Structures are given as structure tokens and as C-alpha cells.
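Biologist: I'm new to this one and would like to learn how to read it. Could you walk me through it, one feature at a time?

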Amino acid sequence: MERSAPTGWSVVDDLDTGGNTTTSTVYDRYFTGSVRDNQTYDVPAVSGGDQNRTARGSQWADERVNPPLPDTCGLNIGLLIDVSGSIASSLSQVKNAANGFVDALTGTPSTIGLATFATGAQTILPPTPVASAAGATTVKTAINGITAGGGTNWAAGLFEMTAAIPPFDVVVMLTDGSPTFYGSEPPGGPGNYTRFREVEEGIFSANALKAEGTRVVAVGVGSGVSGAAQNLQAVSGPVRGSDYVQTDYDALARVFRQVALATCSGTISVVKLGIPPGGSAADAQPPAGVDLHHLDVRGHPSFRGHRPDGGGQLRGGPRR
């Protein structure tokens with residue numbers, strides 16, 4: 001039995017396993033069976049079986065503590081959306097919620113990237129600024145183009161997000177069920193059953209993201225993740241409403257908007273754009289060498305911003 005974890009980590013006590021109906025299963029204990037003198041035993045031992053709840057890999061999974069959300073508006077945000085076959089009938093609601101997320105951040109110095117996962121994972125759009133309506137439209141067009149089909153592979157999806165340059169400040173993962181696949185090229189797993197192995201690999205991928213300083217927010221939607229939340233907690237953190245959220249499709253748009261506003265609540269964002277000669281408002285871009293006063297919400301100058309690389313974005317909020 002694992003009784004404690006190193007500083008910066010936490011023990012995973014239980015995981016949800018099973019098929020259509022999952023059951024909380026004790027994870028942090030391992031039965032060795034009979035042992036003999038002068039013998040070497042690997043613990044835990046790799047085990048398999050498509051319907052074996054405790055089938056696992058050779059490494060014990062501890063959960064890395066979720067990094068805090070940076071206290072600023074203008075984050076690099078990754079949207080990671082489950083597009084497995086089970087979500088197909090509700091895909092329009094998922095898209096509406098994701099578009100609302102973008103709308104809530106439009107006009108702020110934020111960037112949004114998009115990836116999807118099913119049996120495997122893929123990046124749909126690299127981090128894209130949404131300071132302008134044109135940038136927001138680019139993200140929403142990518143969202144509206146996603147399709148659904150396949151299994152559920154948290155490990156592949158979360159690991160896909162580690163490739164972002166620069167690393168995401170926060171990844172918001174939307175899923176409608178526990179993982180039934182893991183890994184890639186080709187993926188492993190039964191495809192219709194959740195064992196320790198599928199969740200373990202998801203934890204390892206989430207840990208890799210957190211090691212980059214990325215906060216993981218897990219949003220579980222629908223009946224597939226409406227019960228016990230151990231698996232969502234294992235890839236994010238223990239605090240409901242902050243590390244993870246469970247909701248239904250009717251409330252999903254509201255939940256996504258709340259998550260988006262948590263990154264820019266109480267701030268004023270000023271984005272100065274210049275229209276090139278002969279262009280229109282749709283062609284506006286941040287001018288080079290912008291030098292502006294930055295005001296807090298009470299109108300007092302707090303610092304001066306200069307972006308010789310062409311950026312014209314300033315952001316501010318209440319002094320703390």
C-alpha cells in the first residue's frame with residue numbers, strides 16, 4: 001500500500017473502472033501473493049485482460065499537484081475536446097459551448113488552441129490570438145469543423161497538448177466518459193471498458209502537462225461521468241469547481257463561459273490595432289513599437305507597456 005507521495009504529488013486512492021457502469025476501485029494497494037526468500041518481485045506487476053478492472057502497467061501512478069492558474073488576463077489556453085462516438089448526438093451542444101468560451105474571451109489578449117481526441121488525438125488549431133474578431137472567427141471556424149467517432153483516449157489527448165509552443169497556461173479538457181484506450185500508434189485498450197491501465201496512462205500524460213506549468217481543468221459532461229469523479233480528479237486535482245467540473249449538456253455552455261471568465265474576470269483589456277493603408281477594419285493588426293499607459297480599473301497608471309515586436313496589447317485589473 002502506498003501511504004504517502006513525495007512533495008508536489010498526491011496518492012491516487014481510487015479509480016473508476018468498468019464498462020457502461022463504472023465502479024470505484026481501490027488503486028493504491030497491491031496484493032503480492034505468496035513471497036519467498038531470495039526472490040525478486042516487481043511491484044506492481046503488469047497485468048492484462050480486457051474485462052479485468054485492475055489490469056495495469058509496470059509503473060505506479062501518482063498525481064502531480066495541479067499548477068495554479070496565473071493571476072492575469074491574457075492566458076494561452078488549450079481546448080481539448082472529446083469527439084468519441086458517444087458524443088456525436090450532442091456534438092452541436094459541445095460546439096455551441098466551445099464557441100461561447102471563445103466569445104467570452106474575444107477582445108482580450110488571450111490565445112486559444114484546439115485539439116480533439118477519440119481513439120487517437122490531433123491538433124486542430126495552434127494557439128491563435130482572439131484579441132480581434134477575426135482571430136476569434138478563426139478559432140470558432142475550427143471548432144465548427146470537428147466531427148465525432150471512435151473511442152476515448154485521455155492519454156493521447158492530454159499528451160497532444162504538451163506539444164504546444166509556448167506551453168499552455170491552462171488546458172480545459174471536455175469529456176463525456178472514462179477512457180477505454182491509451183497510447184498511440186497503435187493505441188492499446190479494450191475500447192469498451194475502463195481499467196486501471198487506461199486511467200494510469202491518462203494520469204502520466206496529465207503529469208507531463210503539469211510539469212510544463214500547465215493547469216488542467218477537466219470538464220465531465222453527460223451520464224458517462226456523472227457519478228464518482230475519481231478519474232477526472234486523477235488527471236486534474238481534488239477541488240470540485242476549480243480542478244474539475246461535472247455538468248450536463250443543458251448547462252455546458254454556462255460552465256464553459258464560467259471557466260473562460262475565470263481567466264479574465266475583473267480586468268480591462270486594451271488592444272490597439274492599426275489599419276494598413278487601403279485596408280479595412282477587418283485587416284487591423286497590432287502596430288509595431290506601441291507605447292501606452294496601462295491603467296488599472298480605478299484609472300490610475302500602474303506601468304508603461306512597450307512591445308517593439310509589434311504587440312499592442314495591454315491588460316490590467318484591480319491591484320492586489
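Modeller: Let's begin with salt bridges: the term means that a side-chain nitrogen of Lys or Arg sits within 4 Å of a carboxyl oxygen of Asp or Glu. Keep in mind that this is a predicted model. By that rule, the count here is 6 salt bridges. One of them brings together the side chains of Glu-200 and Arg-56, at 3.6 Å from N to O. Glu-200 belongs to helix H4 (residues 196–211), while Arg-56 is in the loop between E3 and E4, so this pair links distant parts of the chain, 144 residues apart.

Biologist: Are Glu-200 and Arg-56 buried or exposed?

Modeller: To read that, look at relative accessible area: under 20% is buried, over 50% is exposed, and partly exposed is in between. Glu-200 is at 0%, so it counts as buried. Arg-56 is buried too, because its relative accessible area is 3%.

Biologist: Which side chain meets Lys-140 in a salt bridge?

Modeller: That's Asp-103, at 2.8 Å from N to O. Lys-140 is in helix H2 (residues 133–144) and Asp-103 is in helix H1, so the pair ties together parts 37 residues apart in sequence. Lys-140 has a relative accessible area of 24%, which makes it partly exposed. Asp-103 is partly exposed as well, at 43%.

Biologist: What else is in contact with Lys-140?

Modeller: Take Asn-99, which lies in helix H1 (residues 91–105). Setting aside neighbours within four places in sequence, Asn-99 is in contact with Lys-140, Ile-143 and Asn-144. Asn-99 is buried, with a relative accessible area of 10%.

Biologist: How many residues apart are Arg-197 and Glu-201 in helix H4?

Modeller: They are 4 residues apart, so about one helical turn separates them. Their side chains meet in a salt bridge of 3.1 Å, N to O.

Biologist: Which strands do bridges join to E8?

Modeller: Strand E5 (residues 76–82) is joined to E8 by 5 bridges, and the two run parallel. Ile-81 stands opposite Leu-174 in E8. Then 6 bridges join E8 to strand E9 (residues 215–221), also running parallel. There, Thr-175 stands opposite Gly-220 in E9.

Biologist: What do E8, H4 and E9 make?

Modeller: They make a right-handed β-α-β unit. H4 is also the helix that holds Glu-200.

Biologist: Now the surface. Which residues make the nonpolar patch?

Modeller: Val-35, Tyr-41 and Val-43 make a nonpolar surface patch of about 280 Å². Val-43 is in the loop between strand E3 (22–26) and strand E4 (63–64). At a relative accessible area of 45%, Val-43 is partly exposed.

Conventions
Residues are numbered from 1 along each chain as its sequence is written. This is a predicted model: local features need pLDDT of at least 70, side-chain atom pairs count only at pLDDT 80 or more; totals for chains, interfaces and linings use all residues. Side-chain values use heavy atoms; hydrogens and water are left out. Buried means under 20% relative accessible area, exposed over 50%, partly exposed in between (1.4 Å probe, protein chains only). Contact means heavy atoms within 4.5 Å. Patches are made of residues with over 30% relative accessible area and no salt bridge: like charges are joined within 9 Å, nonpolar side chains (Val, Leu, Ile, Met, Phe, Trp, Tyr) within 5 Å. Accessible areas come from the Shrake-Rupley method with a 1.4 Å probe; for residues, only the protein chains shown count as cover. Two strands pair if DSSP finds at least two bridges between them. A crossover is right-handed if, with the strands pointing away from the viewer, the path from the first strand over the helix to the second runs clockwise.
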